[in-house]
Amino acid sequence: MALHVRGVLLPDDEVRDVWLDGDRVTFDPVPGAETVADSGFVLPGLVDAHCHLGIARGATPVTSLDQARTLARTDRDAGVLALRDAGSPYPYPELDDEPDLPRLARAGRHVAPPKRYLRDIGLEVDAAEVTAAVTAQAAAGNGWVKLVGDWIDRGVGDLAPAWDADTMAAAVAAAHAAGVRAAVHTFSESAVEIMVRAGVDSVEHGTGLSPDLIDLMARQGTALVPTMINIRTFGGIAAAARPKFPGYADHMLALRDRFPEVVRAAHEAGVPIYVGTDAGGGIDHGLAAEEMLLLHEQAGMPAVDVLAAASWRARQWLGFPGLVEGGLADLVVYPEDPRRDLRVVRTPSRIVLRGRVVR
Ligand SMILES: [Zn+2]
């Protein structure tokens, strides 16, 4: 049955009536539609632009489609109705169009350097194999590849780029040649410089960004998905590593401590920023609201910009149209104005996915 919603539509900030006819939005009345919200603030469904449905708690690969479904439903029940999977060892293309799951933008497996990244998670390849691996993972995903741009190099005792700069640039070029976008994990200053200059499409974390690189990202339109929830775990990572790798531990703490200012500067420079939790592994699913609040409270992003980063702009970036004529029938309703007090994003009063009421 068609659904009807009335409320203040964001970002337009107008009271409107919206009909959801199957999986399509229309502003033309649909006779007999059931009214499922008649007040409140209505947004296109939220997006978690960096999470992992194929990585379970403890950073082990998911082993069944049902396990991935359960993680996706946890996000959905928090209002996340589209997500970008930033790399998964367990493939699940079967879930792309499942009616009760969020819409999926997926990378294949992480392409990672040998014997450095999380065990069993990445596809670990030498420099000579990187472009072939990127091409293969582009085919395994549905629009993205994920590169691990740096990680601890235990021989060096600190973060170091995954491969040489030419190889990392060739990886981006291989993704683009395959018709997909490339996302790169970086913590360090050196790797993010290589990858931004190589024209990567999105920087994940990006703790090592400098003012010059932020300006370059703004000019290029390179996206940043800060995952501030993840960066808050650096204290634990540093403490565990300190006995063997004190330089790395100090580096991680310094990156953590400067990060809110990095995100603030990126936002002020006009870098497109999106909400991503990095759920999967060490971080629970369902925390998009908490990441939104961190961007607001720690990085100083205005509430309306955080909402754009979690909703309409993120959907546009990933190719999931929002509350426009003919758009996709995903929405969340909040009882109060989230621009006035963002904390209301923790408690949506209505969630509709693909034209069907979730709650
Ligand atoms: Zn991640």
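Predicted model: local features only at pLDDT ≥ 70, side-chain atom pairs only at ≥ 80, totals over all residues.
Which residues does Arg76 touch, not counting residues up to four places away in sequence? Residues are numbered from 1 along each chain as its sequence is written, and side-chain values use heavy atoms, with hydrogens and water left out.

Now, back to the opening question. Arg76 touches Leu81, Asp100, Pro102, Ile351, Leu353 and Val358, where contact means heavy atoms within 4.5 Å. You will find Arg76 in helix H1, residues 65-76. Helices here are DSSP runs of H or I with at least four residues, strands are runs of E with at least two, and both are numbered from the N terminus. With a relative accessible area of 12%, Arg76 is buried. For that word, the cut-off is under 20% relative accessible area; exposed is over 50%, and partly exposed lies in between, using a 1.4 Å probe and protein chains only. The side chains of Arg76 and Asp77 are also joined by a polar contact of 2.9 Å. Such a contact is a pair of N or O atoms within 3.5 Å; within protein, one must be able to donate a hydrogen and the other to accept it, and residues adjacent in sequence count only if both atoms are side-chain atoms.

Next, let's look at Phe27. Phe27 sits in the loop between strand S3 (24-26) and strand S4 (34-37). Phe27 is buried, with a relative accessible area of 18%. Beyond the neighbours within four places in sequence, Phe27 contacts residues including Leu9, Trp19 and Leu323.

On to pairs of helices. The axes of H4 (residues 189-197) and H5 (residues 211-220) come within 10 Å and cross at roughly 25 degrees. That makes H4 roughly parallel to H5. As for the words, angles under 35 degrees count as roughly parallel, over 145 as roughly antiparallel, 65 to 115 as roughly perpendicular and the rest as oblique. The axes are lines fitted to C-alpha atoms, for helices over the stretch in contact, and angles run from 0 to 180 degrees between N-to-C directions. On the H4 side, Val192, Glu193, Val196 and Arg197 meet Leu213, Leu216, Met217 and Gln220 of H5. Those contact residues divide into 5 nonpolar, 1 polar and 2 charged. Here Ala, Val, Leu, Ile, Met, Phe, Trp, Tyr, Cys and Pro count as nonpolar, Asp, Glu, Lys and Arg as charged, and the others, Gly among them, as polar.

How do H7 and H8 run relative to each other, parallel or antiparallel? Helix H7 (residues 234-241) packs with helix H8 (residues 246-269) at an angle of about 170 degrees, their axes 8 Å apart. H7 and H8 are therefore roughly antiparallel to each other. Among the residues that meet there are Phe234 and Ile237 in H7, and Tyr248 and Met252 in H8. The contact of H7 with H8 divides into 10 nonpolar, 1 polar and 1 charged.

Glu261 is partly exposed, with a relative accessible area of 49%. Although Glu261 and Gly300 are 39 residues apart along the chain, their C-alpha atoms are separated by 8.8 Å.
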